[in-house]
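Morning, everyone. Let me put a structure on the screen and walk you through it.

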Amino acid sequence: DIAVSSYTPTLSALLRPPHMFADGWSSMNALIVSQPDTPDMSKLPGVLSEVAQIEKHLSGQINHLNGEDATVKAVLDAMNEDRCQVIHLACHGLQNTEDPTKSAFALHHGHLTLSQLMISSVRKAELAFLSACQTSTGDEKLPEEAVHLAAGMLSVGFKSVIGTMWSIGDQDAPIIADEVYRQLKESCVPGDGRLKTAYALHEATKVLRERVGESSIVRWAPYVHFGI
């Protein structure tokens with residue numbers, strides 16, 4: 001309630017100024033990737049509800065890749081298009097402790113790895129919302145190095161990244177997403193077209209905390225913000 005937390009793995013992530021959107025939130029274009037039924041992995045029925053919550057608050061162009069349409073190639077191609085400013089990944093996240101660069105998002109026909117992300121470049125990248133498990137966990141053998149998916153998205157060029165420190169609840173993710181995008185929509189207005197993502201996540205976490213209770217810290221505390 002007193003401070004809004006935000007982290008950065010490198011100073012260079014803070015040197016890139018955020019874009020200013022003259023038309024506010026209405027000009028923001030988004031890529032949404034959802035995997036409710038990834039082969040050989042547990043189902044995530046909540047991701048479709050999560051997508052529905054997000055779409056309520058987006059008024060720009062939306063590219064939604066769902067299920068078998070969300071291949072590694074399709075996602076990378078969509079990310080590299082000039083119009084991709086916001087990306088929301090609602091899927092399984094995989095932390096590889098042996099080789100952190102192989103940590104990945106589980107897509108329908110393969111894994112989108114940290115090493116693949118780090119050689120990409122998204123020109124108008126603004127916000128990456130990684131609604132997956134363990135996207136900012138890192139490697140306990142390299143405690144001073146940011147070797148996780150959230151840091152990878154910063155290196156791609158995204159100014160703000162929302163990640164998770166451990167597994168998140170399938171029923172909790174839609175609540176966080178709904179409130180984050182609601183806050184962004186209300187705060188990013190014409191004349192001050194900046195994304196105040198850290199503040200939006202701060203408010204969303206308070207909403208989830210109130211719903212599940214202060215003692216359920218495992219459910220409301222894993223979400224963290226990186227960047228500006």
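Two strands pair if DSSP finds at least two bridges between them. Helices (H or I, at least four residues) and strands (E, at least two) are DSSP runs, numbered from the N terminus. Some ground rules. This is a predicted model: local features need pLDDT of at least 70, side-chain atom pairs count only at pLDDT 80 or more, and totals for chains, interfaces and linings use all residues. Residues are numbered from 1 along each chain as its sequence is written, and side-chain values use heavy atoms, with hydrogens and water left out.

What stands opposite Gly110 of strand 6? Leu107 does. Between strand 5 and strand 6 there are 4 bridges.

Now the core. A nonpolar core is a set of buried Ala, Val, Leu, Ile, Met, Phe, Trp, Tyr and Cys residues joined through side-chain atoms within 4.5 Å. Buried means under 20% relative accessible area, exposed over 50%, partly exposed in between, with a 1.4 Å probe and protein chains only. The largest core has 32 residues. Met79, Phe105, Leu130, Met153, Phe158 and Val161 touch the most other members. Among the elements that each supply at least two residues are helix 3 (72–79), strand 5 (104–107) and helix 5 (149–156). A second, separate core holds 31 residues, including Met28 and Leu127.

Take Met153. Leaving out residues up to four places away in sequence, Met153 touches Met79, Ile87, Leu89, Leu117, Ala128, Leu130, Phe158 and Val161. Contact here means heavy atoms within 4.5 Å.

On to the rings. How many aromatic pairs are there? The structure holds 2. Rings of Phe, Tyr and Trp (its six-membered ring) pair if their centres lie within 6.5 Å; planes under 30 degrees apart count as stacked, over 60 as edge-to-face and the rest as tilted. Tyr7 and Phe226 have ring centres 6.0 Å apart and planes at 45°, so this pair is tilted. Tyr7 lies before helix 1 (12–15) and Phe226 in strand 9, so the pair ties together parts 219 residues apart in sequence. Tyr7 is partly exposed at 44% relative accessibility. Phe226, at 9%, is buried.

The other pair, Phe129 and Tyr181, is stacked: 5.9 Å centre to centre, 15° between the planes. Both residues, Phe129 and Tyr181, are buried.

That's the tour. Thanks.
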